[in-house]
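Hi there,

Here is the structure I promised to pass on. Have a look first, and my notes follow below.

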Amino acid sequence: MDQMERASTLIERLAELICDFDVTCINEEAMALSRAAIIDTIGVTLAGATEPCVTNLFNIPGMATSPGGSTVFGTHIQTSALDATFINGVGSHAHDYDDFSQSMGGHQSAPLVAPLFALAQERGLSGRKFIQAYIVGIETEIRIARAVNFYHYDHGWHPTATIGVFGAVAACGYLLGINKNKMAIALAIAASFASGLKSNFGTMVKPLHVGQSARNGLLAVLLAESGYDANIETFEHKQGFLNVFNGPGHYNAELMFENWANPLEVLGLDMGLKQFPCCGSTHPAVTMMLLLRQDQPIDIEQVEKVEIFVHKRRLPHTNNPDPQTSLEAKFSVQYAVARALVSGAVRLADFEGEAHFDQNVRTLMDKTIAAPHPDMADDSPDQFGAEVNVHMSNGQIFTRRVANLVGRGVTYPMTRDELWEKFSDCAQTVLPEQNIAPLFNLLDKLEAQSDLNTIAHLLAKQR
């Protein structure tokens, strides 16, 4: 069979959909949700700029010294798009405060925003093109995730990294306008770059996964653009991505293509922004505790027991009754829920310094159990449900339950004021106060920006 007659490979089919993406399908809701996600990701990247997982990178000889015009957020450094992507990508996930998706089993925006910003800044591309490329990246990530999850997630891979790298390729390749052949090559290169193990959750390596996947996605595109080749059968190959990462019988490749962009994945009901700076798997239970606290005056001195029941998939990485570091506290549903009951809020400061050793919180944690909910089936489409029960010394039991709550998304979006509150709280860690509101306002009109120079100037720390 000659070249004209052979069937297209999976990667070629995907590359064609990416390159032929019809931007007329982007309605106002999709534009608004995407813009909010980009603003949110830039905000949490600023908050992460002073975290050790980011600052330690500058101890590596040669880091961020390559010439280039891409900004490292919250610093005065301009460097190559690859280095800026890597550092900003790590920062975007440093607090685990970035948005997340149930179907992806991870964080959809973090692998995309850093490389898109660096590339758009370097090449003078518009804010509207930035958002369109972001939407293409989300479509690609979630489609691949649908093909491999939840086996991929349960097997121990970190989908933000292993799948996010393909989203970064799609987004950056679309932003640059590379052709279908080069897009296919870039996706094939990325298959060899895909990596990230859940065993490193709760350490600096988890955000490192994000920086590496973002950088690798951009690098794959630049390599393809330069003339590199790769095996375009590397998705279905017996030793390719699908069969190595999942294994035969543990994926459905056709789900990558079914009803592509109809509706857009950015309009999906199973993704949302994070209201709290901790693992998204803790959020339904935290939200229920906060609502319970609003409903009932609870005297924490009279609490005898706290029960947290969630879908079993939420527990392997969050059932940590005794976190010893602030990073571990982000992956402790016991800590996050107890903090919500004690403080009536869960903020960045609650995961800094020795906050996780607060005695009032620790006392409640000693009375807290976390377990799979007996009524939430393993194969239920709703996997972000939670129930919290607070047992009082007088025999009263206060309870709140939600069937499914995947962050602040389509059905429960953040208001502009809430987005501003989170953004300003994050940005004030590194930027002068007078820059924050103008920066937010420009980002809130991102599609109207002809280039990113003014935004980049406000993102930089002034000397």
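Leaving aside neighbours within four places in sequence, which residues is Ile42 in contact with? The answer is Phe73, Val113, Phe117, Phe423, Leu443 and Leu459, where contact means heavy atoms within 4.5 Å.

Before the rest, a word on the ground rules. This is a predicted model, in which local features need pLDDT of at least 70 and side-chain atom pairs count only at pLDDT 80 or more, while totals for chains, interfaces and linings use all residues. Residues are numbered from 1 along each chain as its sequence is written, and side-chain values use heavy atoms, with hydrogens and water left out.

**The cores**

Ile42 belongs to the largest nonpolar core, which has 109 residues. Together with Leu46, Tyr134, Phe235, Phe241 and Phe423, Ile42 touches the most other members. Helix α6 (residues 127–148) gives this core its largest share, twelve residues. Another core, of 37 residues, lies apart from it, and Cys278, Ile298, Leu315 and Leu364 are among its members. By nonpolar core I mean a set of buried Ala, Val, Leu, Ile, Met, Phe, Trp, Tyr and Cys residues joined through side-chain atoms within 4.5 Å. Buried stands for under 20% relative accessible area, exposed for over 50%, and partly exposed for anything in between (1.4 Å probe, protein chains only). Helices (H or I, at least four residues) and strands (E, at least two) are DSSP runs, numbered from the N terminus.

**Two helices to look at**

α2 and α6 pack at an angle of about 95°, with their axes 10 Å apart. Axes here are lines fitted to C-alpha atoms, for helices over the stretch in contact, and angles run from 0 to 180 degrees between N-to-C directions. The two helices are therefore roughly perpendicular to each other, a label used for angles of 65 to 115 degrees (under 35 is roughly parallel, over 145 roughly antiparallel, and the rest oblique). On the α2 side the contact is made by Ala30, Met31, Ser34, Arg35, Ala37 and Ile38, and on the α6 side by Arg128, Phe130, Ile131, Tyr134 and Ile135.

Helix α4 (residues 81–92) is also worth a look. Twelve of its twelve residues are buried, so α4 is largely enclosed by the rest of the structure. Its buried residues pack against α2 (28–48), α3 (52–55), β1 (70–71), β2 (78–79), α5 (110–123) and α11 (205–226). The end C-alpha atoms of α4 are 16 Å apart, which agrees with the 16 Å that its twelve residues should span at 1.5 Å a residue; the expected span is 1.5 Å times one less than the number of residues.

**The sheets**

An open sheet of four strands runs in the order β6-β5-β7-β8, with mixed pairing. Two strands count as paired if DSSP finds at least two bridges between them. β6 (368–372) and β8 (397–402) are the edge strands, each with a single partner, so one side of each has no neighbour in the sheet. On average, neighbouring strands here are turned by 10° against each other, direction ignored. Helix α15 (residues 333–343) packs on this sheet and touches β5 (303–310) and β6, its direction making about 125° with that of β5.

β7 (residues 386–392) is joined to β8 by six bridges, and the two run antiparallel. β5 and β7 also pair in the antiparallel sense, over seven bridges. Val388 shows both pairings: its bridge partner in β8 is Arg400, and Ile308 stands opposite Val388 too. Glu387 stands opposite Arg401 in β8. The hairpin of β7 and β8 has four residues between the strands, and Gly395 in the turn has a positive phi of about 95°.

In a regular strand the side chains alternate between the two faces of the sheet. In β7, Ala386, Val388, Val390 and Met392 point one way and Glu387, Asn389 and His391 the other way, and all are buried.

There is also an open sheet of three strands, β3-β4-β9, with antiparallel pairing. Two bridges link β4 (residues 271–273) and β9, and Gly272 has Gly409 in β9 as its bridge partner.

**One last residue**

Ser326 is found in helix α14 (residues 326–330). Ser326 is partly exposed, with a relative accessible area of 23%. Beyond residues up to four places away in sequence, Ser326 touches Phe351, Glu352, Gly353 and His356.

Enjoy exploring!

Best wishes
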